Amino acid sequence: MTKPLRLGIAGLGTVGAGVLKIVRQKANALTQRSGRPIEVVAVSARNRDKDRGVPLTSYGWEDDPVTLATRDDVDIFVELMGGSDGPAKAATEAALKAGKDVVTANKALLAHHGQDLAALAEANGSVLRFEAAVAGGIPVIKALTEGLAGNDITRVMGVMNGTCNYILTRMEDGGLSYEEAFDEADDLGFLEADPQLDVGGIDAGHKLSLLASIAYGTQVAFDAVELEGIGQVTIEDIRQAADMGYRIKLLGVSRMTGRGLEQSMAPCLVPATSPLGQLQGGTNMVVIEGDQVGQIVMRGAGAGEGPTASAVMGDVMDIARGLRVTTFGQPASSLVAATSAKATTPAAYYMRLALLDKPGALAKVATVLGEAGVSIDRMRQYQHAADTAPVLIVTHKTTRAALDTAIGGMADTGVVSGEPVALRIEEV
Ligand code: HSE
């Protein structure tokens, strides 16, 4: 019989338990499909005695993930611990140096150290795969590295944090404030231990930077992602956007321009009728545009036991079948250091500002916008109490720089109260 492919799994949380279940329950099918048995030989986790709904007695146990990663009887080290540094990085490096293949779900690790780890894998004849790190069960890494390899990718967009999409959806369909929707997501256990990873856009930014590397043949540049979380989005913004035919999404957008690589993860307005606008709840969506294929839309569960374990197993099965793809779709040494450009591709913007309700206030704001070269498409003042009037402005296409100049100028008019909100309207 063909030699089994032997896994060592570090990290037995939701995803690790899901992988164990798939390997146990689908043993015959996996063998049929890959041509060789897939076995888990040993595992490692913080707590050996925790009930994970799957018995661990038939597996070897290692307290130290580095020891697990370098065991002679492990062919693939499956890293499901998480964290950009610490044990996850140490064990991944140890596995690669020992010539093991590595499958990981760790977006933070790859966003910060992907270039070095990819080079280390290649130097040791290993493969390092990370399908489960981006958009959970959606096989987007495989789509980009393999199925779309004949394209020049022109834009990658995505809603890749289910928690944020859940919060924004509940604000819209339940009329909840941001704080109420956040608390609901917390009660449901959706939030990461550090909620800023979700609502600050960091988790989704990690994912976007990994997709951009594959899409444009560039070294991962997470630090260059322009990050803006969803904490400033109010129920008023959601309602006003809906009234104009838009929905607000935490949207990642990357594109290669003549000036360099643009990567932004920020709340944006998208048409309510578009696939991105229709995306509800904790679901993810990735939209890829290539010069040959046109637009591809992929939608599915971005987290959870089954979907994420499904993605891990996809990588394991590739290795079992002998498919050895480079981490970012081309040799690490050929990935170029991206010149990062602030997102300057012109777009229409939605602005909300609070104006002092007195004669000439609106005219002053319009003047500041005009002097910055920003043209107004639509403007409305809606019902208000007290002495400030909420004003909405939708601009014609403009650059973010021009808009920022206008916002800076508004502070000097003496008629704008607080900081204006400005959200890009993405054409999708
Ligand atoms: N916290 C993420 C999300 C899942 O809400 O989509 C893990 O990346």
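Author: A residue counts as near a molecule if one of its heavy atoms lies within 4 Å of it. The model here is predicted.

Reader: OK. Which residues are around the ligand, then?

Author: Lys-107, Asn-161, Gly-162, Thr-163, Glu-192, Asp-198, Asp-203, Lys-207 and Ala-303.

Reader: How does that shell divide into nonpolar, polar and charged?

Author: There are 5 charged residues, 3 polar ones and 1 nonpolar one in the shell around the ligand.

Reader: What is 2.6 Å from a nitrogen atom of the ligand?

Author: An N or O atom in the side chain of Glu-192. Asp-198 also has a polar side-chain atom at 2.8 Å from a ligand nitrogen. With Gly-162 the backbone is involved: one of its polar backbone atoms is 2.7 Å from an oxygen atom of the ligand.

Reader: And how much of the ligand's accessible area does the protein cover?

Author: On its own the ligand has 260 Å² of accessible area, and the protein covers 89% of that.

Reader: Which elements give two or more residues to that shell?

Author: Helix H7, residues 162-174, and helix H10, residues 202-216.

Reader: Change of topic. How many cavities of 30 Å³ or more does the structure hold?

Author: The count is 1, and the volume of the largest cavity is about 40 Å³.

Reader: What lines the largest cavity?

Author: Leu-168, Thr-169, Glu-172, Arg-247, Ile-248, Lys-249 and Gln-280. By class the lining has 3 charged, 2 polar and 2 nonpolar residues.

Reader: Now the second largest pocket. How much space lies in it?

Author: About 300 Å³.

Reader: How many residues line the second largest pocket, and which lie nearest its centre?

Author: The lining has 21 residues, and those nearest the centre are Glu-226, Glu-228, Ala-266, Arg-400 and Arg-424.

Reader: What classes make up the lining of that pocket?

Author: It has 9 nonpolar, 8 charged and 4 polar residues.

Reader: Which elements supply at least two residues each to that lining?

Author: Strands S8 (226-227), S9 (246-257), S10 (260-271) and S16 (416-425), along with helix H15 (400-410). S10 gives the most, with 6 residues.

Reader: Which domains does the pocket lining draw at least three residues from?

Author: Domain 2 (147-301) and domain 3 (348-425), at least three from each.

Conventions
Residues numbered from 1 in each chain as written. Predicted model: local features only at pLDDT ≥ 70, side-chain atom pairs only at ≥ 80, totals over all residues. Heavy atoms only, no water. 1 Å grid on protein atoms, 1.4 Å probe; cavity = no way out; pocket = protein on both sides within 12 Å on 5 of 7 lines; lining within 4 Å. Points joined across faces, edges and corners; volume = space filled by probe spheres on them. Helix = DSSP H or I, 4+ residues; strand = E, 2+ residues; numbered from the N terminus. Nonpolar A, V, L, I, M, F, W, Y, C, P; charged D, E, K, R; others polar. Domains from an automatic or database assignment. Polar contact = N/O pair within 3.5 Å; in protein donor to acceptor, adjacent residues only side chain to side chain. Areas by Shrake-Rupley, 256 points an atom, 1.4 Å probe, with all protein chains shown as cover.
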